[in-house]
Amino acid sequence: MGEFRMTTVEEFEAATARLLETAEKVGADTWQLRVKQQTPHCKFGETGVCCRLCSMGPCRVTPKAPRGICGCDAAGIVARNYLTFTAGGAATHSDHGREICHTLHETSADGDYKVKDPAKLIRIAKEWGVETEGKDIYDLAHEMAELALLEYGKPFGTQRFLKRAPEHTQEIWAREGIEPRAIDREVSQSMHMTHMGCSSDHKALIRHALRAGLSDGWGGSMMGTEFSDVMFGTPHEIDTEANLGVMEVENVNIVVHGHDPSLSEMICEVADSKEMIEKAKAVGAKGITISGVCCTSNEVTMRRGIPMAGNFLQQENVVLTGACEAIIVDVQCIFPALGPLSKCFHTKFITTSPIAQIPGSEFIPFSPETAGRDAKKIVEMAIENFKNRKPELVHIPDQKQKATVGFSFEEIIHKLDGVTNSFVDKTGTTLPLVDCVKSGVLRGAVAMVGCNNPKVRPDVAHIGLMKKFLENDIIVITTGCSAQAAAKAGLMDKRAKDLCGAGLKRVCELADIPPVLHMGSCVDISRMMILASEIAKDSGWKISEIPVLGCAPEWMSEKAVSIGNYVVATGIDTYLGVEPYATGSKEVDELLKGGLRDWVEACFTVETDIDKLGDMMVEAIEKKREALGI
Ligand code: MSK
């Protein structure tokens, strides 16, 4: 297997420093420079007390001026801002889910999009009470797509997937009045509540933030994940690599970035064709390398083993290599900076969605109806661009790690079945895992998610915390840019088991898994909700009693706040390394960091000292064990 060595954050930084020299040479602007220009940040904004919801203001609340012109106090202003932030995230994730449902509606036996996991489609159809017997799989796919789309705007009832949660959790949601109804309704009501002259009661606003978040996690995101699996395949264990060294100097390099797999799946299909490889050879390249950034990368790595070039704060680095023929983006987390930056190189910056149109890009609208043709056009543009490289600017850092990925909920269960005989005699459940936790072989689990944020030294929090958890026999499941940080460091290499305590190391050996399990993209945090629910049902514990915690140490986006809300509302204590803009109101701050426990049995903890955050989490897991008497 060879000797294993982690890549350190210092080594990441040295690679970035070398790329920044190229940036300086070509006069490119980078986020490192812009952070300096934007620091210090506005304190009113940072604490959430700036209100610009009407044109009487903007009002900024201070001890001397404790109310806005309309009379709203700090608690009302902070809570309104928190709710609009959440609604932005819920809308974004859910709209991604909606696009997936539309793509499902386009599937056909001879079309660009097919049903790759019919068993999963049938399983969900039965769960939703849809007759499946004797139905053509594509008729069923279209029927399910229509039903799924109705989840966005149905006039009555609540989200269909809520029934997947344990009864106790469903009772809490009903008791607290936070069961999400139609997804668009929860987002729309958020905007209505925060409009001038509507809600200023901070408790009502935060309560609705939980509901809007739940419409994302148990609605839009869950449909995004489930129907992506139906079309593109449910992920199973697969080997890949991570970090900028996955780009290959002699190949045409195409980088996919964003979130929606509909486009990237098609790009991968086309780029893999004999025709395109021949074309690449005709322009002097050896072949085509597709790699990814952010969650589009996670989607295609989970299902195809496509290598991960990097996470959020590395998106400029892929262009700075001078070896990126095209960076193709769909939606979300795309720096507008890629426009001017790509102009300093030969890189084609291609936007494809009307939702994310960016100056300095070439806009090639992509739609599920013409997917194959659109993807071909884009790949051909990248190939043609190979000859325009400026060799003097080419430098790909020699840095990459092996990673084993593809741990969907189904794959985790499959892996557990492999060790069933060692623990308990029950296949197809989470019981082997529960048994490990009960016996103390595993102390618990942490769901690590979220972005990078320049407020935290990039990747340091993700990797440092993961290492601490592994040493303490706490298994890590992860998604999003956190997953990519782990992969770049080497923590998804099975040999990383040697970094674990004796118990976790044994579990990794028996189950043949790495200690950090890649569960997918940001919408795939819904997989984590399903896992937590199944553990609760199998163990008889409430979700809030399981020694499992959520953690987003470097989060930055509205989506992350929406996620935080639904993870907490599902009963999982969640730890953040960056403050949400809520410290300007003692009432809101205390509600988020404590009061929520009375509503949903969990709350947020924020600690910007990452070492301390890790210690608090290890202690919290031990406390949960103690409370369970295990
Ligand atoms: S991509 S939301 S920076 S995790 Fe999902 Fe990464 Fe955060 Fe975007």
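User: How many of the eleven residues of helix H10 (residues 261–271) are buried?

Analyst: Ten of the eleven residues of helix H10 are buried, so H10 is largely enclosed by the rest of the structure. Buried means under 20% relative accessible area, exposed means over 50%, and partly exposed lies in between (1.4 Å probe, protein chains only). Helices are DSSP runs of H or I with at least four residues, strands are runs of E with at least two, and both are numbered from the N terminus.

Some notes on the source come before the details. This is a predicted model, in which local features need pLDDT of at least 70 and side-chain atom pairs count only at pLDDT 80 or more, while totals for chains, interfaces and linings use all residues. Residues are numbered from 1 along each chain as its sequence is written, and side-chain values use heavy atoms, with hydrogens and water left out.

The buried residues of H10 are Pro261, Ser262, Leu263, Ser264, Glu265, Met266, Ile267, Cys268, Val270 and Ala271. At the N-terminal end, Asp260 caps H10, with a side-chain oxygen 2.8 Å from the backbone nitrogen of Ser262.

Ten of the eleven residues of H12 are buried, so H12 is largely enclosed by the rest of the structure. Its buried residues include Cys294, Cys295, Asn298, Glu299 and Arg303. Gly305 follows H12 and has a positive phi, near 70 degrees.

His202 belongs to helix H9 (residues 202–232) and is buried, with a relative accessible area of 15%. Not counting residues up to four places away in sequence, His202 touches Ala75, Ala79, Glu587, Val588 and Leu591; contact means heavy atoms within 4.5 Å.

Two loop residues are buried as well. Ser557 sits in the loop between strand S14 (548–552) and helix H22 (558–569), and counts as buried at 11% relative accessibility. Apart from neighbours within four places in sequence, Ser557 is in contact with Phe85 and Cys451. Pro514 lies in the loop between helix H20 (502–511) and strand S13 (516–520), with a relative accessible area of 0%. With neighbours within four places in sequence left aside, the contacts of Pro514 are Thr404, Phe407, Leu491, Met492, Asp493, Lys494 and Cys508. Pro514 and Cys101 are 413 residues apart in sequence, and their C-alpha atoms are 32 Å apart in space.

Glu167, in helix H7 (residues 167–176), counts as exposed at 64% relative accessibility.

Now the chain as a whole. The chain has 24 helices and 16 strands. Its radius of gyration is 24 Å, close to the 25 Å that the globule rule gives for 630 residues, so the chain is as compact as a globular protein of that length. That radius is taken over C-alpha atoms, and the rule is 2.2 Å times the number of residues to the power 0.38. The C-alpha trace spans about 65 × 65 × 50 Å along its principal axes. Of the 630 residues, 62% count as buried. Among contacts with a separation of 6 or more, 76% come from residues 24 or more positions apart.

Notes:
A polar contact is a pair of N or O atoms within 3.5 Å; within protein, one must be able to donate a hydrogen and the other to accept it, and residues adjacent in sequence count only if both atoms are side-chain atoms.
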